[in-house]
Structures are given as structure tokens and as C-alpha cells.
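Hi everyone, thanks for making the time. I'd like to walk you through one structure today, with a look at its charged side chains and a few of its helices and strands.

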Amino acid sequence: MVLGGLTASDNVCFGEPVSGRGGSFDGVEDLLGMFINTVPVRVGLAPDRSFADVVKGVTRDRVATLDDQHVPLHELNHSLGVETLFDSLFVFENAPMMNVISQGPSEFSIGRYELRDFDSYPLSVKVVPGDSLNVSIDYRTDCFGDSYIRSAFRAWESILRQVVADPDVAVGRVSVSSAESVASVLELGAGEAPEEAPCLVHELFERAARSGPESPAVVWDSGSMSYEELDRASNRLARRLMRAGVDVGSTVGLMLSRGPGMVVSVLASLKAGARYLPIDPELPAERIDFMLNDSTPGVLLTNPECSADVGASSGTVRLVLDEVMSAEEYAGVDDSPIVSEELSRALEVEDAAYTIYTSGSTGRPKGVVVTHRGMAALFSHESASLEIDQRSRVAQFAALSFDISVEELFLALLSGATLLVPPPGKAGIDFVIDDFIVQHHITAVSTTPGLLQSMRQEDWESVDTIIVGGEACSPELVAKWAPGRQLVNTYGPTEATVCVSMTGSLAGWEGVVPIGRPLPGSRLYVLDSAMRPCPLGTTGELFIAGEGLARGYLGRADLTAQKFVADPFAADGSRMYRSGDLAHWGADGQIYFDGRADDQVKIRGYRIEIGEIESTLRRCHGVGQAAVVVREDQPAVRQLVGYVVPDTGGTSLDVSAIRDQLAGWLPDYMVPSVVMEVGVLPLTTNGKLDAEALPKPGDVPRADMVAAENDAEQQIMDLFAEVLGIGEVSATDSFFALGGDSITAIQLVNRARSKGVALKANEVFAHPKPRDLARSRRDTVEEAQYSQSQRGSTRPLLAHLDTLPSMRWAAKYGPLDSPTFNGFHQALTLKIQKASVDQVVRAIERIAERHESLRIIADGGRQGSVIRIRSMEEFSTKSYVSAVKKVHDPIERDRYLQERGNVAVENLSATNGDTVHAVLEVDVDESVERIILIVHHFATDAVSWSTLVQDLDIFLDQTDKVPDNVPVTIKQWVTHLTCG
């Protein structure tokens with residue numbers, strides 16, 4: 001439940017170490033060695049589910065899988081086609097550590113148990129039961145801060161108290177955070193009170209016009225217009241619209257190209273009491289027809305070049321703007337300020353200011369209705385914080401149908417600044433943005449990170465303010481563009497007034513870029529699935545409330561009710577918007593964007609952050625710009641495709657080398673199956689990547705194709721192509737990078753068998769490239785099974801064996817001969833009835849003879865890829881035993897034994913075969929009273945000690961006695977794990 005609260009998820013998975021000795025394999029319980037396995041524990045935390053039911057469900061699931069707990073974790077990962085199933089660990093230390101192991105003639109007791117452990121998971125929680133619970137938390141400092149872990153521990157303690165008091169409590173009613181923590185994050189999410197009282201947008205413009213009537217308001221390629229001229233022109237057009245039937249609550253469609261007429265039309269629509277509806281003339285006719293029929297505007301203002309057929313079915317009054325403004329009677333229309341008496345009723349701040357259509361998940365566009373209320377607060381704050389005033393020159397690059405245009409227009413016109421309007425057409429295509437900035441000495445630009453990264457930095461010297469938003473902002477972009485100017489990052493969906501949060505200046509910022517703090521009048525919440533505020537650092541869904549919130553979706557009451565929900569933290573009954581974006585509060589009080597809550601980008605069952613791949617691509621040598629998309633050019637075959645643009649003036653890129661670089665930085669499922677060089681990344685009119693305009697991989701010949709070296713490789717390459725439905729396959733292509741997954745891997749196996757090729761699905765996961773798969777099939781050698789009669793026999797040096805799961809896990813984190821694993825041990829201090837040194841040495845020798853685990857050698861050169869078993873002829877027990885004289889002072893005695901034990905630990909090495917050491921405390925009569933038995937963790941685990949101590953007891957009593965049970969050999973156990 002703590003993990004669910006910290007990750008804002010109602011379905012969590014963590015690892016749990018188990019003995020790994022389950023199943024139906026006889027004798028494994030007496031086998032010495034580290035057979036610990038880690039199994040995934042999945043817990044469903046539906047908010048309406050009771051805690052007692054959760055516990056019962058977990059118990060039921062664990063019991064059902066007891067016989068399979070020996071299955072190595074890496075095999076489970078491979079069978080599911082995943083890199084890892086979890087990144088946190090829960091350890092319940094209930095291993096059998098007996099106070100008294102035996103009551104025989106050599107009676108002894110355990111004095112102390114010691115463990116030096118290691119795990120690499122970002123978060124591990126260990127609980128040791130007893131009269132009270134002893135809890136320890138290990139965490140990686142590069143992943144978590146101390147305050148975050150302490151907060152998590154307090155949450156755990158709080159949850160324990162709540163569920164103990166009421167086991168039947170619903171999960172959703174269990175509070176993860178304290179009341180103080182909840183109050184703190186709610187305070188963070190509350191923007192300051194706006195300095196500007198809510199008012200109508202055009203009234204703010206009129207105030208600016210009165211303050212500087214002669215100041216230039218709009219400048220374009222062939223002229224300019226002062227604030228007074230713009231005010232009068234918009235008054236005149238507003239009255240013309242009113243004559244055409246426009247009134248309070250009406251909609252005026254603006255299907256206009258960029259230009260001064262567009263600016264006049266926006267203001268005129270608002271002054272006439274209407275909302276404006278921007279429509280990009282470049283949109284497909286079908287989409288335009290839908291928007292007009294859905295919104296039913298009273299008047300549609302168009303360009304002369306717009307086809308009269310577009311929108312004809314809507315019955316909307318169509319006016320060509322140029323014709324209206326050039327008509328003889330238009331000059332006589334009153335251009336004085338419009339008074340409220342001219343409207344059917346006085347406008348209010350809750351009236352709609354504009355409607356912008358955005359794409360819908362079902363393919364049906366939805367119109368977002370935004371009111372006047374939030375605009376005063378937004379633009380008065382931006383003007384003050386960004387120092388936008390009469391000296392500022394603001395560029396208008398965005399298409400009117402993109403809500404960044406709202407910011408461009410009104411940030412300039414409500415602040416008394418000059419709005420610079422480029423020629424009609426697409427920014428960067430029909431005109432060069434950099435040239436326009438230089439020509440007109442632009443000082444402020446609002447744009448997307450995607451558009452900004454393609455600009456020439458040297459041409460932006462006049463720009464002292466850059467506002468980015470609309471998509472994630474990378475640290476690389478900040479490092480390049482923030483020095484020497486104000487660069488701020490903003491966040492806000494279309495369902496709010498442009499933006500609801502903003503950072504301060506990012507000059508000097510390092511690391512992940514936040515989306516800022518809530519703007520005045522806005523309220524932001526990061527909530528979990530039970531609608532509870534998430535504590536600092538915990539990812540949840542971002543909800544938006546306050547004055548900038550949109551009214552809802554035009555004509556879509558059902559969708560509005562679904563997305564605009566009641567605000568449980570507001571006393572006025574207002575609503576909040578469920579954004580679908582994931583975010584968390586940082587320790588600095590800012591919000592950090594964490595992606596989407598849905599599964600829009602998914603490959604092989606993984607949700608992938610495209611931004612991470614793009615950022616990594618930009619790290620590759622010679623790459624200037626990069627984009628990654630998921631393509632489905634073949635039905636049901638989805639693949640990642642990377643597009644790269646060389647650095648300015650750079651030579652052609654080696655895309656094969658780039659993929660190799662990516663493979664070194666990213667998991668294989670995140671490496672694009674194809675990387676293509678393109679001259680430019682195409683952008684939409686909104687300045688975002690135009691994925692539809694990117695070329696298909698098949699349209700450009702691949703230069704990195706590797707031909708088959710033999711018939712076996714070619715056969716597998718043909719099978720890959722056939723199953724995945726693609727034309728060409730390289731000998732070094734990964735099956736999964738080409739779009740394969742666990743399902744198609746099974747299809748591949750079945751298809752191969754039908755052609756007489758024996759394949760297994762796990763072989764495909766282990767060797768996903770044709771060349772590697774063909775080689776692995778040639779190198780496969782069936783291991784002979786040992787019979788039961790061979791157990792316990794003494795054998796010479798054995799052939800190489802597959803490693804145990806524990807060694808394979810350890811080898812992922814470094815060579816097995818490193819200091820980390822040389823000190824990887826468990827130790828036991830035993831007080832025994834007096835025995836001679838020779839008796840103890842002989843007893844340990846008999847144990848090593850009986851249990852192969854104490855004679856293992858791990859191949860450190862191959863990072864634990866194989867193990868060997870030493871013969872008894874090579875194993876010299878005496879070299880692993882040291883005798884020390886007894887010290888009678890208790891304090892000095894413990895200190896001295898600890899020092900000798902530490903020396904023995906330092907000599908442990910699984911790669912040298914030094915897996916067991918014994919420190920013997922010898923009295924004046926040469927008898928042994930205490931034994932410190934130190935065993936490398938690869939050779940023992942908590943379960944092993946029971947067998948080891950019982951055997952030691954027997955052999956100390958009678959060195960020639962043979963225990964009743966015949967131990968399982970390491971070979972048999974490894975074979976069982978490998979072959980099942």
C-alpha cells in the first residue's frame with residue numbers, strides 16, 4: 001500500500017526473496033548453497049477493496065506458486081519478454097536461525113549470526129520479526145533523498161496503525177499522508193490571489209489602447225496599426241458582425257490566414273459578445289465541415305481564396321473579410337466604443353471568449369470552451385513577471401487554431417506591446433523564422449521546444465524572453481537557450497486558459513526541467529487513484545482547477561462530466577479537470593511532468609517515454625535534431641523509428657553506428673529498429689512534429705543491412721520476415737526491435753517447427769538476432785543427467801556448469817572477483833563442548849566432501865557465466881582453518897575474535913574457490929571451545945545453516961559416521977533448474 005501511494009498506482013509489483021527450494025525435487029532442503037531466488041509479488045489495490053481482502057489475495061497467490069518459487073527470475077523475465085518486473089524489494093527475515101540446533105554429545109549453541117549482504121535495487125525494506133518488528137530501509141541515494149525515505153517510512157507506520165485498527169477498511173480510505181503533509185501539498189498547489197480582478201478580455205485591450213493610443217499595436221510586412229486604430233477597426237467590424245446577427249453567446253468562425261485582419265477579427269468577435277472559433281484554412285475539408293456543423297457559428301469570416309464549398313452544409317452566414325472591409329458602406333459604420341446597451345445583455349466573465357478544437361481519443365474532435373474569467377489573471381501576471389511592456393516586440397508565429405496564439409495575441413495587446421505578424425503560411429516553411437526575428441528585432445517569442453531546437457541561435461540575439469510550452473522541455477534545450485535571457489517553461493492543456501503553471505527564469509538550471517508553480521488564480525493537485533493528494537516526490541495524476549479552467553466541451557455534456565469533475569478540496573462546489581498527465585511535486589515546490597497516464601506508446605508490453613530515446617539520440621555523435629515515432633506500417637506490427645538530422649554543416653550520419661551507440665545506453669526494447677537520416681524534421685502549423693510527414697523506413701534503402709553468413713542464418717532471417725510481415729531483415733536485427741513480442745515469438749517457434757526447424761521461445765528471447773540464434777542452435781549441447789546413485793560421490797574437477805540464479809543476478813552488477821562480492825558472506829559463532837583442533841578440521845573436511853557447494857569456483861573472467869566444483873584432492877581444509885588462543889577478558893575476547901573473523905572475510909573469494917573459513921578459539925589445553933564459521937554467500941543461505949550445523953554436530957561426535965540422507969549435488973540442482 002505504501003508503494004501504491006508513492007507511485008499513485010492501484011497495481012504494484014515488488015520482489016520478495018525466497019529460499020528457492022520449492023518444487024518436487026527431493027533432497028533440495030538438505031542441499032548447501034545460496035539458492036535464494038527473488039519472486040515477483042503483484043498486489044491489486046483497488047480503492048474499494050478491503051485491506052483484509054488484499055492480504056487474503058496475496059496469501060492465496062503465494063500459496064498457489066510455492067512449488068514454482070525455484071524458477072529463476074531471469075527465466076521469468078525472458079518468458080514475459082521484459083527487462084525487469086520490479087525495482088523494489090521486501091525482505092521478511094523469517095529464515096530458520098535456531099538457538100539450539102542439536103542436543104547430541106557435542107551439544108553447542110549459536111552465539112551470533114552475521115551477514116554482509118548486497119542488493120542493487122533502488123529501494124529495499126527488511127523486516128525482522130521478534131518481540132517487536134525491526135525494520136530497516138536501504139535505498140540508492142541517486143534515486144531517493146533522505147527526506148523522501150523518511151516520509152515513506154512515516155507513511156508505512158501510519159498505514160500499519162490504520163489497518164491494524166480496522167482490517168476491513170477500504171484501501172481507498174487509508175491515508176498514505178499525514179494531515180500535515182496533505183495540507184502542505186495543497187498549499188503548494190494553490191496559486192496566489194490574482195492582482196487583476198476578473199474582467200472581459202477586450203476591456204483589458206481597451207485599457208491598453210487608452211494608455212498608449214499612438215503606440216504601434218500590430219506591424220506586418222506592408223504596414224502597421226496603432227492601438228487607437230486597432231481599437232476603432234475592431235469596433236467597426238464588431239458592429240458589422242452584430243448586423244449579421246451576432247450577439248452575446250454567438251460563435252464567430254475565423255477561417256483566416258495570419259495577418260492584421262485576423263487580429264481585428266478576434267477583437268471584433270469579443271466586442272460583439274461572441275466567442276471566436278479559429279479554423280485553420282489548411283485543414284482537410286471534412287474536418288472543417290465537422291467543426292462548423294458541431295459549433296454552428298452565426299457568422300464565418302474567411303479569406304477570398306477559401307473555397308465556397310467548404311462549410312456550405314452548415315448553413316453558416318459566410319462573409320469574406322476583405323470584401324466586408326472594402327465595401328463602400330463599411331466606412332460609414334460607427335467605430336466608437338461599443339456600449340452594453342447595444343448588446344442583448346451585458347457580458348459577464350463567465351461568458352465564453354473562444355472555442356478551440358482539439359483531437360479526441362475516439363477520432364472525433366472536441367471543442368473546448370474557454371471563458372473570459374482566467375485571462376485577466378494570466379496575462380497581468382505574465383506581463384509583470386516577464387516585463388512585457390510598450391518596449392516589447394512580440395512575434396505571432398502560431399496558427400490561430402493553436403492556443404499558443406492566444407498567448408501571443410493577448411500578451412502583446414493587453415500589455416501595450418507591439419505584435420509582429422509574419423506573412424501567411426507555415427512558420428519555417430513559407431517564411432524563415434530566424435530571418436523574421438532579425439528583420440523585426442523581436443524581443444519576445446512564445447513557442448514549442450520542438451520548434452525552438454531547430455532555430456539558429458545566433459539570429460536570436462534580440463530575443464530576451466522565450467516562453468516554451470506545449471511539450472516537454474529538455475535540459476539540453478535549456479542549457480543552449482537560457483543563458484543571457486529569460487527562458488521560462490509553461491504547462492497548460494487546451495482545457496485551461498493557455499497555461500496554468502510557469503517556472504521562473506531557467507538560466508543556470510541543471511537537471512530535469514520542471515513545469516513550474518501554479519499561476520495566480522490557478523489550483524493544481526497531484527492525486528492518486530483514490531483522489532488523495534500525493535506527498536512530495538510521488539507521481540500522480542495532475543488535476544487543474546481555478547479561474548483559468550475551461551467551461552467544458554462544446555455540446556459534450558457526457559465527456560465534460562467525465563473529465564471535469566467535482567473538486568473535493570474546494571468549498572464552493574467548483575470543478576477540476578482530469579488532465580491525464582502524470583506529475584509530482586519536487587522538493588523545490590515546483591511540479592515535474594512525468595508523462596501520460598494512458599498507454600499511447602507501448603512496445604512489447606512496455607510503456608516507453610519517447611522523450612528519453614530522443615534525448616539519447618541527440619547525444620550521438622553528429623546528431624543535431626532527433627525524433628522518434630511508433631510506426632505501424634504493417635498491420636499489428638509496431639516499431640520504433642528514429643529520425644535524425646545532422647549538425648549544421650555536418651556530414652552524412654552513420655545510422656548503424658548510431659544504433660550501436662543507443663544499444664549501449666538503452667534497453668533493447670527502446671532502441672529504434674530503424675534510424676533514418678532526414679534533411680529536416682517536418683513541423684505542423686503549431687510548431688510540433690508532423691509525424692505523418694516523416695518517410696516510411698521502406699521508402700529509403702537501408703545502408704546497415706548485414707547479409708547471412710550461412711544457410712542457417714538465412715533461414716532464420718526469412719522466418720523473421722515472414723512472421724513480422726516485413727520485407728528485409730538483417731542478420732544483426734533484433735526480433736523484438738523489428739516489432740516482435742512474446743506472442744509473435746510463439747508464432748515464430750510454431751512457424752519454424754512447421755518447416756522442420758526446432759526452436760524454443762526462450763531461445764528467441766535469449767538470442768533475438770538471427771546470427772546469434774543460429775550460432776546458439778549449433779552450440780547447444782544436451783547435458784547428461786546424473787542418476788540418483790551418483791549423489792554424494794567424490795569426483796575430480798567437473799566440467800563447466802551453468803551458474804546459479806544468485807550468481808547470474810550478481811554478475812549483472814560487476815565482476816564476481818570484485819571487493820563487493822569477495823566480502824559477500826554469512827557467519828555463525830558456535831559454542832561447542834570441547835573438541836580437539838584435529839577433530840574440528842576433520843569434521844569441516846567431511847562437510848566439504850559431502851557438500852559440493854563449499855567447493856565451488858565461479859569463473860570471474862566471464863562474470864559468473866560458469867561454475868566448477870573442486871575435487872577433494874584439490875580442497876585443503878587446513879588452509880581454510882586458523883586457530884587463535886583464547887582471551888579470558890570478555891570484552892577483549894569479543895574484539896579479538898571479531899578482528900580474526902574480519903581477516904577471514906577479506907580472504908573469501910568465490911572466484912578462487914575460497915568459500916569457507918573457520919576461526920577456532922583454542923584454550924590452554926589445546927581444546928576448541930568456539931568456532932566462527934564464515935561461508936561465502938554463494939555457498940550458503942539461511943536455510944543451508946540448518947543442514948550445515950546438523951552435519952557438523954554429527955561429524956564432531958563421530959567423524960566416520962554417515963548421515964542418513966544422501967545430499968543432492970549441485971550438478972543435479974543446476975540441471976533441474978535448466979531443464980525443468
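**A buried arginine, and some salt bridges**

Let me start with arginine 485, whose side chain comes to 2.9 Å from the backbone oxygen of valine 463. For us that is a polar contact, meaning N or O atoms within 3.5 Å; within protein, one must be able to donate a hydrogen and the other to accept it, and residues adjacent in sequence count only if both atoms are side-chain atoms.

Before I go on, a word on the source: this is a predicted model, where local features need pLDDT of at least 70 and side-chain atom pairs count only at pLDDT 80 or more, while totals for chains, interfaces and linings use all residues. Residues are numbered from 1 along each chain as its sequence is written, and side-chain values use heavy atoms, with hydrogens and water left out.

Back to arginine 485. It sits in the loop between helix 15 (475-481) and strand 20 (486-491). Helices (H or I, at least four residues) and strands (E, at least two) are DSSP runs, numbered from the N terminus. Buried means under 20% relative accessible area, exposed over 50%, and partly exposed in between, with a 1.4 Å probe and protein chains only. A salt bridge needs a side-chain nitrogen of Lys or Arg within 4 Å of a carboxyl oxygen of Asp or Glu.

Leaving aside residues up to four places away in sequence, arginine 485 touches, among others, Trp460, Ile466, Ser505 and Ala507. Contact here means heavy atoms within 4.5 Å.

How many salt bridges does a search of the whole structure find? The count is 32. One of them joins aspartate 389 and arginine 391, at 2.6 Å from N to O. Aspartate 389 is partly exposed at 22% relative accessible area, while arginine 391 is exposed at 67%.

Next, glutamate 541 and arginine 578 form a salt bridge at 3.4 Å, N to O. Glutamate 541 belongs to strand 24 (residues 540-546) and arginine 578 to strand 27 (residues 575-585), so this pair ties together parts 37 residues apart in sequence. Glutamate 541 is buried at 15%, and arginine 578 is partly exposed at 28%.

Then there is arginine 850 with aspartate 951, at 3.1 Å, N to O. Here helix 25 (residues 837-850) holds the arginine and helix 27 (residues 944-957) the aspartate, so parts 101 residues apart in sequence are tied together. Both partners are buried, arginine 850 at 12% and aspartate 951 at 4%. Salt bridges with shared partners also link Glu228, Arg232, Arg236 and Asp335 into one network.

Strand 27 comes up again, as it pairs with strand 28 (residues 591-596) in the antiparallel sense over five bridges. Two strands pair if DSSP finds at least two bridges between them. Aspartate 581 has arginine 596 of strand 28 as its bridge partner. The two strands make a hairpin with five residues between them, and glycine 589 in the turn has a positive phi of about 80 degrees.

To zoom out, the protein has 28 helices and 40 strands, and 53% of its 980 residues count as buried.
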